[in-house]
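Me: I would like to learn how to read this structure one feature at a time. Please give the general idea before each case.

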Amino acid sequence: MTGLDADRVVRRLADRLVVDGVTLTLRPGETVGLLGPNGSGKSTLLRLMAGVLAPTAGVVTLDGRPLAEVGRRATARRIATVEQHAHTQTELTVRDVVALGRIPHRRAWSPPTAADAEAVAEALRRTGLTDRADQSWHTLSGGERQRAQIARALAQEPRELLLDEPTNHLDIQHQLDLLDLVASLPVTTVIALHDLNLAAMYCDRLLVLHDGCTVAEGTPAEVLTPALIEQVYGVRAEVTHVPDRPVIRFLRPAVRDGHPPKRKVTSDASTAP
C-alpha cells in the first residue's frame, strides 16, 4: 500500500467525538474535497492526516506505516500543509517564507544547499511569485499570501498536500486563481472547502462530514444532491448538471406571515451561475 490513508480514525476531545470513525483512502494525483458545516471535523481530520494530532483510535498510514512510526521529519518531507491563516511578526521576505519549506530536508544549523535554492526558485516560479521574492511578506495581499504559503508547501517537494479552507476571505477571482493553481500541481491533494460549487469545479472526489462522521463520499455528481445538501447544511437547493459537474443554486426559505426569512443563504451561492 502506498500513499496517505486514514483508517477509521477517531479523535475525542473530552467527552465529544470530533472525528468519529472516518476512513479516507487517497489515490495518486487526485484532488479530494472535504465538505461539511463548521464544526463537522474537517480541520481536525486534516491535522490527523498531517500527523499534527494523534488519533484516539484508528490509524493514519503513509505507505502502509503508521505516521508515529514514520517520524515527524520524514512525514514533513512527504506531506505539506497550508492552514487557513498564516501570521508572523518577523519581517520576512517572500523568499524567506518559501524557504521555510526546506527545513525538513536540512540538518539542524546547516546552510542552504544548491538543491534548496533550486526548490525555492521552482516553487516561486510555479506560484507566479518570482518577481515578489524580495518583497516583504507583510506587504502582500491576502491572495498573494496564500500563494506564498502554497509555494512554501511546494518547496517541501511533497507528494501529498493538505489545505484547510485556503479560499476563505478571498474574492472570487483570487479563489479561482488559487484553485486553478492547486489543481495544476503534480501532487495528491486534500482540500477543505465551504463553497460547494468550487468543490464541484475542482475536486475529483468529495468526502462530506457531519458531526464528525462521514455521510457521503464519491464524485461531485454523486454526492451533491438536493437531499444531501438539505440534510447536511439545512438549506434547500436546486442542482443542475453541465457536462462535467453539478451546479448548485440555493433557494431562499419561504416567506412566512408576510415577513422575509431571517436565515441567510450560505455563501456558496456566490459562485452559482
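Me: How many bridges join strand S11 to S12?
Reply: Strands of a sheet pair through backbone hydrogen bonds, either parallel or antiparallel. Here strand S11 (residues 237-242) and S12 run antiparallel and are joined by 6 bridges. Two strands count as paired if DSSP finds at least two bridges between them. Helices (H or I, at least four residues) and strands (E, at least two) are DSSP runs, numbered from the N terminus. S11 and S12 form a hairpin, with 2 residues between them. Within the pair, alanine 237 stands opposite phenylalanine 250 in S12.

Me: What kind of model is this, and how are residues numbered?
Reply: This is a predicted model, in which local features need pLDDT of at least 70 and side-chain atom pairs count only at pLDDT 80 or more, while totals for chains, interfaces and linings use all residues. Residues are numbered from 1 along each chain as its sequence is written, and side-chain values use heavy atoms, with hydrogens and water left out.

Me: Why is strand S12 described as largely enclosed?
Reply: Buried means under 20% relative accessible area, exposed means over 50%, and partly exposed lies in between (1.4 Å probe, protein chains only). In strand S12 (residues 245-250), 5 of the 6 residues are buried, so the strand is largely enclosed by the rest of the structure.

Me: Which residues of helix H10 are buried?
Reply: In H10 (residues 226-233) they are Leu228, Ile229, Val232 and Tyr233. These residues lie on the same side of H10, because they cover an arc of only 100° around the axis. The arc is that of the directions from the helix axis to the C-beta atoms. The face turned away from the buried side carries the exposed residues Ala227 and Gln231. After H10 comes glycine 234, with a positive phi near 70°.

Me: In what order do the strands of the open sheet lie?
Reply: The open sheet has 6 strands in the order S6-S7-S8-S3-S9-S10, with mixed pairing. Its edge strands, S6 (79-82) and S10 (213-218), each pair on one side only. Neighbouring strands of this sheet are turned by 15° against each other on average, direction ignored. Axes are lines fitted to C-alpha atoms, for helices over the stretch in contact, and angles run from 0 to 180 degrees between N-to-C directions. S7 pairs with strand S8 (residues 188-192) in the parallel sense over 5 bridges, and leucine 163 stands opposite isoleucine 191 in S8. Helix H6 (residues 142-155) lies across S6 and S7 and runs at about 170° to S6.

Me: Where is glutamate 165 placed?
Reply: Glutamate 165 is in the loop between strand S7 (160-164) and helix H7 (172-184). Its relative accessible area is 5%, so glutamate 165 is buried. Contact means heavy atoms within 4.5 Å. Apart from its neighbours within four places in sequence, glutamate 165 is in contact with Lys42, Gln84, Ala192, Leu193 and His194. A polar contact of 3.3 Å joins the side chains of glutamate 165 and histidine 194. A polar contact is a pair of N or O atoms within 3.5 Å; within protein, one must be able to donate a hydrogen and the other to accept it, and residues adjacent in sequence count only if both atoms are side-chain atoms.

Me: How many disulfides are there?
Reply: A disulfide is a covalent bond between the sulfur atoms of two cysteines. With a disulfide taken as a pair of cysteine sulfur atoms within 2.5 Å, the count is 0. Cysteine 203 is buried at 7% relative accessible area, whereas cysteine 213 is partly exposed at 28%.
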